[in-house]
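User: I'd like to learn how to read a model like this one, feature by feature. Could you walk me through it?

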Protein chains: 2
Amino acid sequence: MRELEERILHEGSVRPGEILLVDGFINQCIDVDLMEKMGQVWKNYFADQKITKVMTVEASGIAIAALAAKELGVTAVFAKKTETQKIHDDRYQAQVYSYTKQKEYTIAVSKRLIKPDDVVLLVDDFLANGCAMLGLCEIVEGAGAKVAGIGIAIEKNFQKGGAMLRDKGYDVCSLARIDKLSPEEIVFGKADA
Amino acid sequence: MRELEERILHEGSVRPGEILLVDGFINQCIDVDLMEKMGQVWKNYFADQKITKVMTVEASGIAIAALAAKELGVTAVFAKKTETQKIHDDRYQAQVYSYTKQKEYTIAVSKRLIKPDDVVLLVDDFLANGCAMLGLCEIVEGAGAKVAGIGIAIEKNFQKGGAMLRDKGYDVCSLARIDKLSPEEIVFGKADA
């Protein structure tokens with residue numbers, strides 16, 4: 001998605017540790033127009049799937065999910081993050097390891113909010129090591145529902161998450177795929193749409 | 001807003017401690033159509049204000065803010081919650097006491113994301129004691145910007161937040177105002193729109 005790549009080049013900034021800061025339009029500040037266009041691209045890309053729900057994990061995926069859901073004419077659901085591992089009978093949950101925070105946390109969705117006949121588009125702002133997204137897949141499949149595909153705004157090709165998810169057979173549509181990230185340059189690979 | 005009151009009556013459930021659970025359409029599961037209508041109501045209510053930005057605090061306010069921003073044709077920004085009190089030069093921040101969790105936390109917005117000429121509509125899913133909303137007001141005014149008003153989905157009239165904010169002169173537009181909340185009945189007062 002050319003527009004997203006251009007916004008990253010002009011408004012993103014690179015911080016130590018291969019961190020790409022896009023809080024001016026993707027996370028923290030939400031550019032509604034851009035997110036609607038992202039939703040349209042995923043709608044076209046996944047047009048052969050009868051998507052019934054969009055799902056993400058809090059917090060920076062929520063606006064992306066809400067606006068993608070609007071484009072698709074469905075509802076959005078977000079998984080909540082907690083630090084407790086306690087099992088609750090009334091929710092689907094998965095353990096996720098955060099490399100950034102170097103600790104494990106739990107993501108969970110109430111069982112009332114996802115049904116076996118749901119066909120779910122998973123979305124998020126970034127795809128790096130893929131742990132959070134894999135946890136979302138576990139939750140959807142644990143509910144007996146189907147993962148229609150995965151929509152990502154920005155994929156870091158130099159981290160293993162995208163390859164891992166594609167190897168498992170998930171259809172990942174990343175709108176910007178970054179091969180190289182340094183304060184001097186941002187090099188894009190071919191995006192999925 | 002009659003539609004919101006009806007959804008609360010039909011789909012909400014009351015838990016001990018005067019907790020109203022609306023995760024099936026407001027938080028966790030996001031009913032995009034309903035949130036668009038909420039955004040339209042606030043757009044009409046605050047029509048005399050030249051709103052430049054919608055702001056909320058993570059996580060359950062984000063979808064509401066994104067869809068209200070869409071209706072208003074502006075961007076949305078959300079304040080992040082952290083448990084550290086460290087002062088950062090590059091962000092506006094406020095201390096907020098959570099009665100639910102019985103601890104203080106910090107909410108913060110990058111200084112790059114709010115400017116003195118901004119006219120900000122603050123929104124959130126619930127208004128109870130008003131601490132988080134007061135923190136958002138502090139952040140906006142700390143940036144030299146103006147609070148256009150406060151848009152709330154559900155106000156608990158039996159808690160002090162709404163009166164406190166209105167006493168301070170803020171124009172609060174709550175779409176459903178609950179006088180009494182018990183497992184047996186939910187009694188609404190007159191909503192602001």
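Analyst: Let's start with how elements get their names: helices (H or I, at least four residues) and strands (E, at least two) are DSSP runs, numbered from the N terminus. With that naming, B:Asp118 sits in the loop between β7 (103-110) and β8 (119-127) of chain B. A word on the ground rules: this is a predicted model, where local features need pLDDT of at least 70 and side-chain atom pairs count only at pLDDT 80 or more, while totals for chains, interfaces and linings use all residues. Residues are numbered from 1 along each chain as its sequence is written, chains are lettered from A and ligands numbered from 1 in the order in which they are written, and side-chain values use heavy atoms, with hydrogens and water left out.

User: Is B:Asp118 buried or exposed?

Analyst: Buried means under 20% relative accessible area, exposed over 50%, and partly exposed in between (1.4 Å probe, protein chains only). B:Asp118 has 7% relative accessibility, so it counts as buried.

User: Which side chain does the side chain of B:Asp118 make a polar contact with?

Analyst: A polar contact is a pair of N or O atoms within 3.5 Å; within protein, one must be able to donate a hydrogen and the other to accept it, and residues adjacent in sequence count only if both atoms are side-chain atoms. For B:Asp118 the partner is the side chain of B:Lys53, at 3.0 Å. Plain contact is a separate idea: heavy atoms within 4.5 Å. Setting aside residues up to four places away in sequence, B:Asp118 touches B:Thr52, B:Lys53, B:Leu113, B:Ala145 and B:Lys146.

User: What about B:Gln93: where is it found?

Analyst: Strand β6 (residues 91-98) of chain B holds B:Gln93. Its relative accessibility is 18%, so B:Gln93 counts as buried. The side chains of B:Gln93 and B:Arg91 are joined by a polar contact of 2.7 Å. Beyond four places in sequence, B:Gln93 has contacts that include B:Gln85, B:His88, B:Thr106 and B:Ile139.

User: And B:Ser13, is that one buried or partly exposed?

Analyst: Partly exposed, because its relative accessibility is 26%. B:Ser13 belongs to strand β1 (residues 13-15) of chain B, and its contacts outside four places in sequence are B:Ile19, B:Leu20 and B:Leu21.

User: Which residues does B:Gly189 contact once its neighbours within four places in sequence are left aside?

Analyst: Those are B:Glu5, B:Asn157, B:Arg177 and B:Asp179. B:Gly189 lies in strand β11 (residues 186-189) of chain B and is buried, since its relative accessible area is 16%.

User: How do I check the length of a helix?

Analyst: The N-terminal end of α2(A) is capped by A:Asp31, with a side-chain oxygen 3.2 Å from the backbone nitrogen of A:Asp33.

User: What is the radius of gyration of chain A?

Analyst: The radius is taken over C-alpha atoms, and the globule rule is 2.2 Å times the number of residues to the power 0.38. With 193 residues, a compact globule would come out near 16 Å, and chain A has 16 Å, so the two agree. The C-alpha trace of chain A spans about 50 × 35 × 30 Å along its principal axes. Chain A has 5 helices and 11 strands, and 56% of its 193 residues are buried.

User: How are the two chains related?

Analyst: Two copies of a chain are related by a rotation about an axis and a shift along it. The same surface serves both copies, with 100% of the contact residues of chain B recurring in chain A.
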